[in-house]
Amino acid sequence: MAAPVVSSVSPNQGSASGGTTVTVTGTGFTSVTAVRFGSKAATSFTVNSSTQITAVSPSGTGTVNVTVTTIQGTSTQTASFTYVTASAPSLSSLSPHQGPVSGGTTVTLTGTNLSGATAVRFDGVAATSFTVNSATQITAVSPAHAAGAAAVTVTTPGGTSNSLVFTYLAAPAVTGLSPTQGPVSGGTTVTLTGTNLSGATAVRFDGVAATSFTVNSATQITAVSPAHAAGAAAVTVTTPGGTSNPDDPQAFFFYAASPSLSAVTPASGTTAGGTTVTLTGADLFGATAVRFDGVAATSFTVDSATQITAVTPPHAAGAAAVTVTTPGGTTNPVGYVYLAPPTLISLVPDEGPTHAGTVITLTGTNLTVTTDVRFDATPVPFTVLSPSQITAVAPAGTDGPASVTATTPAGTSNALTYTRLPAPGV
């Protein structure tokens with residue numbers, strides 16, 4: 001077999017005090033008995049394969065030849081290693097000093113004697129890459145690492161620096177939102193629950209920044225939703241540890257379209273409340289309130305996206321604005337009129353013949369929207385003259401008393417007595 005051949009050494013320089021780990025590349029590295037730097041044996045060496053040896057340089061000066069000896073002889077090629085007298089490197093700061101466990105953070109290392117750096121390590125793990133910018137600055141890309149602190153060091157021919165701490169942060173996660181929906185106009189205060197939320201730098205709704213946000217703890221953030229089109233929006237949190245998963249079904253906020261009202265039927269009812277009304281409009285799903293002049297309906301049922309059935313609350317006589325509130329906001333108001341119940345004060349005349357045709361004047365209050373006048377159970381023709389007066393035509397009937405009432409959307413009045421008189425005998 002042939003004597004070993006040394007083709008290169010890397011690095012090709014190191015500290016005069018020794019201790020540099022050098023990779024020796026060549027051929028014929030079988031049954032190696034010695035690795036020498038000049039005349040001095042390597043402090044230690046490991047044969048990795050027949051073409052590679054890892055050796056630790058002894059102390060020395062100047063430029064020496066690295067040789068490998070096997071039972072077949074000693075290499076004769078020139079593979080220079082230069083001893084340099086260099087000050088040990090030192091580190092003073094890292095920026096940024098934290099990043100995600102996935103690595104990939106570009107970190108600027110500041111210090112002294114950083115020229116000729118041969119390694120940058122995070123807890124002993126080599127940086128993904130690094131660039132020596134000057135004797136006082138190196139830019140390095142962090143490797144992946146478990147969450148927690150990692151000691152960062154720089155190695156040069158002058159030795160290995162002191163260590164500074166770079167903190168690896170776990171990625172944030174959003175596990176819940178409350179409330180889960182709000183109007184397209186934004187402005188909803190949303191509580192985000194999750195993990196690793198400390199140090200959040202952004203909260204986004206479908207990529208749109210929250211109007212504002214506050215980090216309450218490592219597990220909670222309060223954010224104000226921005227404006228957004230109707231539909232679902234993925235809510236994400238970004239921290240130095242990364243960005244939360246936008247596909248988590250627990251992290252969706254639903255924007256609801258603004259509701260609107262077009263009509264209330266019937267359009268009026270009694271001041272006592274209790275009238276069942278139908279509200280017609282659009283985007284009424286998820287209604288949380290129906291109000292009459294700010295007073296909650298006695299009850300309501302959402303029949304569909306375009307219809308709600310509600311029961312009116314009591315209210316003073318007059319107009320009331322009806323609104324519906326959903327997660328999408330509050331509708332435009334639609335008018336509803338509260339009517340005082342009708343009352344009757346007098347009938348003129350209050351008696352007449354048993355045959356039909358006598359015109360009776362009914363005097364009272366709240367008669368404007370009268371819908372029915374009855375003599376006992378018999379409806380009769382009538383004319384509303386004013387809020388306080390109606391004329392009606394008495395129907396035929398047997399002699400004796402009959403109860404006269406007037407009915408409006410607000411109810412039926414008290415009854416007054418009309419007496420039918422028998423025809424005189426001859």
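**Close-up 1. T155 and its polar contact with T160.** In this predicted model, the side chains of T155 and T160 are joined by a polar contact of 3.0 Å (a pair of N or O atoms within 3.5 Å; within protein, one must be able to donate a hydrogen and the other to accept it, and residues adjacent in sequence count only if both atoms are side-chain atoms). T155 sits in strand β18 (helices, H or I, of at least four residues and strands, E, of at least two are DSSP runs, numbered from the N terminus). Because its relative accessible area is 15%, T155 counts as buried (under 20%; exposed is over 50% and partly exposed in between, with a 1.4 Å probe and protein chains only). Leaving out residues up to four places away in sequence, T155 touches A117, T118, A119, R121 and T160 (contact means heavy atoms within 4.5 Å).

**Close-up 2. The largest pocket.** T155 turns up again here: along with G19, T20, T21 and T118, it lies nearest the centre of the largest pocket, which has 16 lining residues. A pocket is an open set of points on a 1 Å grid over the protein atoms alone, where a 1.4 Å probe fits, with protein on both sides within 12 Å along at least five of seven lines; lining residues have an atom within 4 Å of a point. The volume is about 270 Å³, taken as the space filled by probe spheres set on the points. Strands β2 (13–15), β14 (119–122), β18 (148–156) and β19 (159–160) each put at least two residues into the lining. By type, the lining has three nonpolar residues, 12 polar and one charged.

Close-up 3. Strands β6 (residues 44–49) and β7 (residues 52–56) run antiparallel, joined by five bridges (a pair needs at least two DSSP bridges). The hairpin connects them through two residues, and S49 has Q52 of β7 as its bridge partner. Q52 also touches T23, as do S8, V9, S10 and I53, neighbours within four places aside. T23 belongs to strand β3 (residues 21–27) and, at 27% relative accessibility, is partly exposed.

**Close-up 4. T188 in its loop.** What does T188 touch, beyond neighbours within four places in sequence? P179, Q181, G182, P183, A223, V224, S225 and F253. T188 lies in the loop between β22 (181–183) and β23 (189–195) and is buried, at 13% relative accessible area.

**Notes.** Residues are numbered from 1 along each chain as its sequence is written, and side-chain values use heavy atoms, without hydrogens or water. As the model is predicted, local features need pLDDT of at least 70 and side-chain atom pairs count only at pLDDT 80 or more, while totals for chains, interfaces and linings use all residues.

Note on methods:
Ala, Val, Leu, Ile, Met, Phe, Trp, Tyr, Cys and Pro count as nonpolar, Asp, Glu, Lys and Arg as charged, and the others, Gly among them, as polar.
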